[in-house]
Amino acid sequence: MVAGILLTSVACNKDFLDRKPLVGATEENFYRNEADAIAAVNAAYAPLQFEISPAGHFRWIWGDIMSDDAIKGGSGDNDAAELLQLETFKVQANNENVESEWSADYEGIYRANVVLEKVPPIVMDEQVKARLLGEARFIRAWFFYNLVTMYGGVPLADHVLAPSEYNLPRASEAEVWTLIEADLREAANVLPLRSEYPTADLGRITKGTAQSLLVKSLVWQKRWSEAQALAEEVINSNQYQLEPNYAKIFTLEGENGPESIFEIQYMNRSGGNWGKNNANEGSFTNVFQRPRGQFEGYGFNIPTADFVQEFFKEGFEDPRLKSTVFRVGDAMGDRGIFTKEATGGFPYDYYPKKYFSNKSEDATLGDPNPNGGTNDRVIRLSDVLLLHAEAAFHNNNEDAARQSINRVRARARGTVQNVLPDVTATGSALLEAIYHERRVELGLEGHRFFDLVRTGRATQVLSPLGFNEGVHKLFPIPLSQIQATNGAIQQNPGY
Amino acid sequence: MERAGTCLSAHNNLIIMNIKHTYLFVLLLLLAQAAGAQIVVSGRVTGADGEALIGATVAVKEGKGAVTDIEGHYQLTAPSPETELVFTYIGMRPRTEIVGDRRTIDVVLEENNALIDEVVVVGYGSQKRSNISGAVSTVTASEISETPVLRVEQALQGRTAGVQVTQNSGSPGSPLTVRVRGTGTINNSDPLYIVDGIPVDGLDFLNPNDIETINVLKDAASAAIYGSRGANGVVLITTRTGKKNQDGKIAYDAYFGIQSAWKKANLMNAREYAILSNEAHVAAGQAPLPEFSNPELLGNGTDWLDAIFGDAPMTSHQLSLTGGGDKSTYTVSGNYFDQEGIVGGDKSGFRRYTARINGTNAVKKWLNVGTNLGLTNLSRRFLPENNEFTTPLVRALNMDPVTPIRKSDGTYAYSRYSDTDIINPVNAIEQTYDRWKSNRIVGALFGDLMLAPGLQFRSSYSVDATFATRNIFYPTFDLSSDPVLSDAPAGEKRAINSVVLQHNNWSTWQWENVLTWDHQFGESHHLTLTGGTTALENRYEYSGGANSNLPSNDPDDAYISNTIDPITAQSAYGGADESSLLSVFGRANYVLREKYLFSAALRADGSSRFGPNNRYGYFPSVSAGWILSEEDFWHSKVLEYLKIRASWGQNGNDRIGNYGFTSVVLSGQNYTFGPDQIITNGSVPLTVSNPDLRWETITQTDLGFDATFLNGRLTWTSDFYIKNTSGMLYAAPIPLTVGANPPIRNIASVKNTGWETDLNYRQRVGAFKYSIGGNFSMVKNEVTGLGEGGEPVYAGRVQSANASVTKTEVGQTIGAFYGYVTDGLFQSREEIAAHAFQNEATAPGDIRFMDLNNDGVVNNDDQTYIGNPIPDFTYGINADVEWKGIDLGIFLQGAYGNEIYNATVRYDFTYVNRPVSVLNRWTGPGTSNSEPRVSLSDPNQNARVSDRFVEDGSYLRLKNVQLGYSLPKTVLKRIGFEKFRVYASAQNMFTFTKYTGMDPEIGSYGGALEAGIDRGFYPQARVLLGGINVIF
C-alpha cells in the first residue's frame, strides 16, 4: 500500500513522461537567446550556397547557358546531359536541375520562416532582433524572387507549413510579388546601412541589398517610377561606389568591394562543400567553369561568339571583354596559357573568366574541386545604375537615364583612350544602348536570360535556339512536386 | 500529485480497496488458526508401471507436506481426518485423497498426456491451459535442454507454431531474429521479452539451462495486457525455482562439443582462375597475364575458405542447487559457457559466466517475499560480419586462388589480382582485436500479500543494469613485398595504429503493483480479476575515446593514454538518452460452468516516446472460448477435449526511438562573414517534428481450437489470424515546399494473415515410450499502405550491382526482391539485333533481359518482382523415443518457399574468384544459355539486380539428433544418485537445400526491408558434442 502510494507520487510527477533529448538542442530548448537567434539566421543564409544539391542549380545555368551568351560545354553532350535540355529549350518537367532550384529555394524560405516564427519571442537586444528579422525577410524574398521569375506563381509558403498545408497550391504571380515587396520594404526599414555593420558582419544583408532587390522586382513588374525613385535612393545612399578598376571586381581582392551590394560568400579553406546541409563553405563554380586538361576544370558555361561580338559592336574592343572571357593565347592566371591542347583538345575558343581562380588560391584543405573560394557577385551597383537608366528611360527621363549609363561606361573606360564614349542617343536607340550595356557590363553573371524575358526580347533573340514564348519564359514545375501534391500544384503551360 | 486524478485514478481505487481488505482479512486469517488432532500417514507413490516415483510432492492443506524418497515412500502428519492430500509429480495427473481413517495411503499416479491442466504463465498471472481463450504457446525446460544452445532464442526455433526464429549469423553470441506471427512492421518487429516479470532487451545474458518455461503470447488478446509493447508478441520466460518441501538436489550438467563448417562454397582453383583470366583478357583484346601462360602449373592454389575456417570447441558446465522447506524455496545455479567461432578461431568467440539465485520465503502466512537475481559476465570477440566489404567470409569468397596465404619468407601475401577491396582474410583476421565485455544484473524483489482467500497483492521492484565496454585495437602492419616501394594496397597496410574504447551503461528500473482476486461463485462461476500499475524508466549512457600512434603494437598495451602524441590525437565523445513508461492495466477472466470462457483486458500506457499530443495509448482486448466437450451432448470417446476460441485485441509497438516526435536543431548549417571569411555557425531543425507521433498499432483477430484425442495421447492446436498493423512509422516524402526533411509519421500499414498448427502424439507400449510432434506456420505478408501518394521504398543495396534489391510497395510483401528478368543468353549478333536494345556494347554471351513493357528498350521500366524473402511456411518436427533408459531425440526444422538474393560474389570487380559454376560460361554459340561470357568489363550489366541471383532458399535441417543413456533407478539407488545420464548429440548434421551459398538460414542485418540478402553470412556450425546430466 505504501508502495502504491509512493508509486502514485512518483508516477504522477508531471515530468516523468516528459523526456527531451539529452544531447543536442531541440526546438523546445533552442531559440532562447541572442546567440540562438543569430545561429537561426545564419542557417537561413546557408541555402544561398546550395548550388549543387542534389543537382546543379547555379545562377549561370539559367542566366547564361539558357541565353545567347553561353552554351553548356563540359566533356560532351552526355556530360550533365540535363543542362543540354535547358540550353536547347527541350527541358522536361523531371529535369533534375530545375527540381534542385525549386528545392533549394523552398529550403531557404523554410529557414527564413523558422526565424520569423522563433526569433520574435526571444528576449534580446531589440535592435539586433529587428535586424535579424530583416535579414530573414530579405532571404525569404530572394528565394521567392528566384521562384517567381523562373516558375511564375508558386505556392506561397509564407510560414512554416503544417502537415495539413503540405499540398499548398500555387498562388498567382501578383500574390508572390506582393509578399516579396512587403518583405523587402520591411527589411529595408529595419536593416542597417552597409556602413553601419561591424566589419565582422561583412556579407550580411544590408538596407541597400533589400532596396536593390526591390528595384529589380519593381523593374520586373515594369513599375518604372517606383523603381527609378528607389534606385536613386540606393545610388545616393553613399554606401556604394563603382570600383574604379573593372577587372578588380572579379578578383579575390575585389570581393565585397565598394560596389558590391549582394554577394553570396564562399571560402576555400573549409574542406569542400559537397551539397546542402554541409558545414563547409566552398563553391563549385570555379571548377565547373575552368577548362579541362591542365586547368583541371570541367569546362562548363562556354561563351558564344555572338556574346564576344557584342563587345566589338561599337567599333572598338570593349575593355571589359578581357575581364569577361579568356581567349586563346590568354594567360589563365597562374595555371598557364590557354591553348586548345592545354584544355584537353576541346574546340572552344572562349572560356568564362569572372569566376576563374588561380591555382595559388586553391584550397589547402580537402578536395580543391568543390572548394572554390570565389564569391558570387549577385547585385553590383552597376546593375542598379543600369536598371535606374532603364526605369528613367521609361519614365521619359532620358537625361537621368544617360547619366546613369554613362557612369557605368566611364568606369569601364577607365584610362583607356578612344573607347566607350558617353552615350548621347535618345529614344529607342537609348534603350538599345542600355540593353547593350547590360549585356557587356554584367556578362556571364547570370542575368542575360532573365533580362531578355523581362524586356520581351526573348523570342527575338532566343527563338533560333529553340525558345518558344508561350512555353519557355517560365520553367516547368518539377514533375515530382505535382505528383507529391497529388496535382494540387499545376504545371505551367506547354510542359 | 496534481495529475493523479487523471492518470492513475484506477490505481487509487485499488489502493483504497487494499487497505479495507487488509484489516478485514488479516483478522479472519488470525481467527482461522486452530489446533487439531495429529494423524501420521505414510505410503508409497508409484507410476502406472509400478516404478517408484522419486520426489513426488504430497501437499497437505494447512500443514507440512512431504516428498517421496528414493523408493517412493513418504510420511507426514495430517491435522485431521478431513485433511486432503494432494499428490503431484511432473508429467502426471495430480491426485487428491482425503485421509479419513486410513494411515497408509498408496497412490498410483497416471501420466498426464494432455497437459491441459498445466498452468500457463500469461502475464501478471497464470491460468490453467484448459481455461485459456487466447493463443499461447509453451516451450518447456525439457525441450529447451534437449539441444544444448548458447542463446534462448535458439531454443525457441522450430519448437512452436507461429514463432519464426532465424539465425542472423553463425558467429558465437550473435543475436537472432524472432518473429511472432510474421513481420509486423518495416521498423522493429522484435517481440517483447519478459524474464520473471522484468522486461529485458536481448537475451544473450540468460543461460538457457536456468529456464523453466517459455510462453509466447501470440494473439492480441493475450498480449494486450502488455499494451503498447505487445504488438509483436510477448515472450514470457520463467526461470527455475525450487518447490516447497522438496529435498535439496544438486545437479551437474556439462557438455563439450566440436564445431565445424557444414558446407563450404565450391570456388575455382588457381588453374581454373587463370584460364578464365586469360579468356577475359583475350575477349577484351588484351594480352593475357604472362604469369598465367601455363595455367596447369598453378595447380589448385590457395583455398581461402579452408584458410579461414577451422574446428572450434564449445563447452558448458552448470551446477545448480534446488530445494525447498515448508516456508521457502531456493535455486542457486552457476554456469560457464565458452564457444569459439568456426571462422577466425579465437578472434571470434563468446564466453559467459552466469549466476542465478531465485528464492521465496513465507515470512508470515499472509506475506511471501522472493527474489529472482541473475548475474552475467560475458565477453565477445568479433570479426566483421554480414557485409560485402570487410568480412573474412566475403574476402575468402572473392580472393583469387593464385595468391598464397604467405610468401616464401613466411609473411602474409597480398593479391595482385582480385581488387584492392579484397584483402588477405587470414591477415585481416589476425589484425582484428575487437572485444565486447559486459556485466549485467537482472533482478527483482517481490512481496505477495495474501489479503484474503483468493485476494493477493504483489509489489515487485526490478532492475536491469548492464555495464559494457567495447575495446578495439587497430595495429600497424604492412604486407608490402618491398617496404621501400610500399607496394601493398591501402587495405593491406596500416601505418598508424589506434585504439578505441567505449563504455556503455544501460539501466532500467521497473516497479509493478498487481492485485489479483480469484473467486469461485457457487458451482458454476469462476471469476479472476487482475489490476495493476507499472512505472518504468530506462537510461542509456555512453562515453568513449580514441587515440592513435601508440608506441607499442601489442594489443595488451592498447590504452588511450599510451601514445606518442597524447594531446593532438585524442578524441572523446559521450551522451545519454532515456525513456519512461507509466501504465495502468486490468483483466477479467470469467469461466462459466467450466465450459464457457470469457476474458477482457485493457491497458493504458503513457510513454515518453510518444509525442506530446498522443502521450497515452489505450489497448483493449476481448476473447472467448467454448469447451464443447464439456457439454452434455458430447459423447465422443476419441475426441475427448475440444475447445474453440476467438479473440480480438489491439496492441502497440513502442519501439519507435526515444525522441522521434521532436526535431533536433542541427548546428553546422554555416555561412561565412567578414573580410577574413570566418565560418559562423548556423542552426536549424532539418526535419519536421511530429508531436502527434505515437505507437504503431496492431489489431489482431484470432480463431483457433485446442483438441485432445485418444485419452490425451494426441493433442492438436490450430489458429487462424488476421493481424493488421496500422500507423506504421514511415518518413514518406513530402512536398519540397515544406523546405525540411519529412517527419516520421504513423502513416503506413501492413497485414499479416496466417495459419498455424501444432500436433503432438505420445504413446507408451510397455517400457517403450515415444512421442512425435510437429508444428507448421503459414503467413502471408502484404503492405497495405505507405501514406498518401504511397511512394515505394527501395532498400537493400548490394555492391555487386550498385543498386537496391528490394522494393516495398502497397500490395506487395515487405522487402520483396525487385529487378530484371533474365531470358537466357544472346547466342549471336542477330539475336541481339532482334531483341530490345540493352547496350551498345552488348555482345553474344551476354544476358538477355526481358523487355517486359515491349517498348524496344530494356531499362528501369522493365523491372518486376523476382522473389520474396518471406517463407510460404516454416515447420518443425520432433520425435523422441525412450526405452529402458535409452533416449533418442530427433529434431528437424525448415522453411519453404522463400528466396535468397545471393550477393556474395563481388561482380563489381573483374578479377575476383567465382563459384565453379562460372566454368560453364558461354564461349561460343550454344555453349551455355545461363552463365554469361567472361569479360574484363560488363557493359551489358550482367551483374545488375536480376533473377540470376535469386535462389530458392527453402531448406530442411536436421537441427539436432541426440542419443542418451540413463542409469536405471536400481543402480542409482545403490550409488545414491537420482539421475545419471550421458548423451551424444549432433547439431546441424544434415541440411537439405538447393541454395548454393554457404547457408540458407540467413536473417537480416538491415531490418525487414532487406531480409534474405546474402552478403556473406557467417554460416552455422555443425556441432558434435557429448554431455552428462547428474542429479543427486
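The mean pLDDT of chain B is 89, pLDDT being the predictor's confidence in each residue on a scale from 0 to 100. In chain B, 95% of the residues reach 70 or more. Residues 1-36 of chain B fall below 50. This stretch still has 45 contacts in the model beyond near neighbours in sequence, a contact being two residues whose C-beta atoms, placed from the backbone, lie within 7 Å. Where pLDDT is low, the predicted coordinates should not be read in detail. For the complex, the predictor gives an ipTM of 0.93 and a pTM of 0.82.

The model is predicted: local features need pLDDT of at least 70, side-chain atom pairs count only at pLDDT 80 or more, and totals for chains, interfaces and linings use all residues. Residues are numbered from 1 along each chain as its sequence is written, while chains are lettered from A and ligands numbered from 1 in the order in which they are written.

Chain A has 19 helices and 7 strands. These are DSSP runs numbered from the N terminus (helices, H or I, at least four residues; strands, E, at least two). The radius of gyration of chain A, taken over C-alpha atoms, is 24 Å. Along the principal axes, the C-alpha atoms of chain A fill a box of roughly 100 × 50 × 45 Å. Of its 495 residues, 53% count as buried (20 or more other C-beta atoms within 10 Å of the residue's own, with C-beta atoms placed from the backbone).

The largest nonpolar core holds 133 residues. Such a core is a set of buried Ala, Val, Leu, Ile, Met, Phe, Trp, Tyr and Cys residues joined through C-beta atoms within 7 Å. A:Ala40, A:Val115, A:Val215 and A:Val384 touch the most other members. Helix α6 (residues 126-151) of chain A gives the largest share, 14 residues. Among the residues that A:Ala40 touches are A:Val115, B:Ser683 and B:Val684. A second, separate core of 74 residues includes B:Ala261 and B:Tyr1018.

The contact between the chains takes 62 residues from chain A and 60 residues from chain B. On chain A, elements giving two or more residues include α2 (34-45) and α5 (96-118). Strand β1 of chain A runs antiparallel to β32 (residues 664-666) of chain B, joined by 2 bridges; DSSP pairing requires at least two. A:Thr26 stands opposite B:Val664 in β32(B).

Conventions: Buried ≥ 20, exposed ≤ 12 C-beta atoms within 10 Å, placed from the backbone. Rg over C-alpha atoms; globule rule 2.2 N^0.38 Å. Lists of a residue's contacts leave out its neighbours within four places in sequence.
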